[in-house]
Amino acid sequence: MRSLLFAVTTDLNYDQRMQRICGSLARQGYHVTLVGRAWPQSEPLQPQPYQQHRLRCWFTKGKLFYLEFSVRLLLYLLRQRASAWCAIDLDTALPVWLRARLGRQPFVYDAHELFTEVPEVVSRPMVQRAWRWVEGFVVPRATLAYTVGPALAGVFEARYGRPFAVIRNISQLTTVETETPLPTPAGYILYQGTLNVGRGLEALLDAMPHVQGRLVLCGEGDLSAELRARAERLGLLASGKVEFRGYVLPHELRAVTRAAAVGIMLLEKQGLSYYYSLANKFFDYLHAGVPQVLVDFPEYRALNDVYDVAEVVALAPAAIAHALNQLLHHAPGRYQQLVQNCLRAREVLNWQHEEQRLLQLYAGLWPTPEAQLARG
């Protein structure tokens, strides 16, 4: 049995992307281990069809965290055995590459984002140069490399002259979704995801005093305290127009999403990573049949041009408020059209289709003798 070890710096309970990837590979017959990070507020691990392990660190952010996590991860990996070693983004890449090198085994690089172009890195030139060096070292040495969308794959291919496969972060189609009553404008506005810089959340909160509706935010992040303070200053907490629900486990989040009226998918162009992103929340809303208010970035525009599941807006409070009010109160025909378009799109855009490419990629790490003969 082939064994795969994946390393991330996230809390494994909330990383839906890795749950899908590891779950699919485990069901295919691989022995899968997913290694992540324990946060001070981490809940007990949820059962999964693969092994899980958390590393505990003294530091929680910044250079000292990355240094400590890398050392702890390497020490852990040296005690493990695997057929291939898989790094998720640059913050796990060096120790995972070194372990693969020591074992003369395949090294896989899974780029969930363009790490050197996220807002927290772009705003610090010296930090960005350091991560660009790491990227330039590990990416050319990967046996297999893939990312979440065609645009990011194109950026990596242009930088390093090597192929990058695409495994989109798409939701799994479930019978629960197909049996759930369709969304109506009577529900709430939903943002799900990290509360970090560049997510358009300040503009969203500034729009809410002018929106006839209620906003629910699921997630936490670096801006959690600042956004709560902003909502309080705007009178949105006392009035009940905005609710921060904090961390929500994936199975609970799916129920929250199905009860929403409109989903929020806004980003700011603070680096190429966000600009070329293809976030899982886009597909989560779509699978729940929930129309979206959507940022006009390339990957989202391309999908919306085909499937028409969202209203595209400029990142300005007035534009956001207008789009939300139209969907919730003034354009019932358009709202129902978007709902029906979501239902049709999810029959095509689902993990059941996407995972077939994932399984083919990993099978190619160990080509059969027949395949080797055909190549050469």
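**Salt bridges and helix packing in a predicted model**

Arg357 is partly exposed, with a relative accessible area of 37%; here buried means under 20% relative accessible area, exposed over 50%, and partly exposed in between (1.4 Å probe, protein chains only). The model is predicted, so local features need pLDDT of at least 70 and side-chain atom pairs count only at pLDDT 80 or more, while totals for chains, interfaces and linings use all residues. Residues are numbered from 1 along each chain as its sequence is written, and side-chain values use heavy atoms, with hydrogens and water left out.

Arg357 forms a salt bridge with Glu354, their closest N and O atoms being 2.4 Å apart. The term salt bridge stands for a side-chain nitrogen of Lys or Arg within 4 Å of a carboxyl oxygen of Asp or Glu, and by this rule the count comes to 16. Glu354 is buried, at 1% relative accessibility. Helices (H or I, at least four residues) and strands (E, at least two) are DSSP runs, numbered from the N terminus. In general, an α-helix has 3.6 residues a turn, so residues three or four places apart point the same way.

Arg159 and Glu135 meet through their side chains at 2.5 Å, N to O; Arg159 belongs to helix α6 and Glu135 to helix α5, 24 residues apart. Glu135 is buried, with a relative accessible area of 0%, whereas Arg159 is partly exposed at 23%. Arg159 also forms a salt bridge with Glu117 (3.5 Å, N to O). Glu117 lies in the loop between β5 (107-111) and α4 (119-122), so this pair ties together parts 42 residues apart in sequence. Through shared partners, Glu117, Arg132, Glu135 and Arg159 join into one network.

How do the two helices meet? Helix α5 (residues 125-138) and helix α6 (residues 150-160) pack at an angle of about 80 degrees, with their axes 11 Å apart. Axes are lines fitted to C-alpha atoms, for helices over the stretch in contact, and angles run from 0 to 180 degrees between N-to-C directions. The helices are therefore roughly perpendicular to each other, a label for angles of 65 to 115 degrees. Arg132, Glu135 and Gly136 in α5 meet Phe156, Arg159 and Tyr160 in α6, where contact means heavy atoms within 4.5 Å.

Conventions. Parallel < 35°, antiparallel > 145°, perpendicular 65-115°, else oblique.
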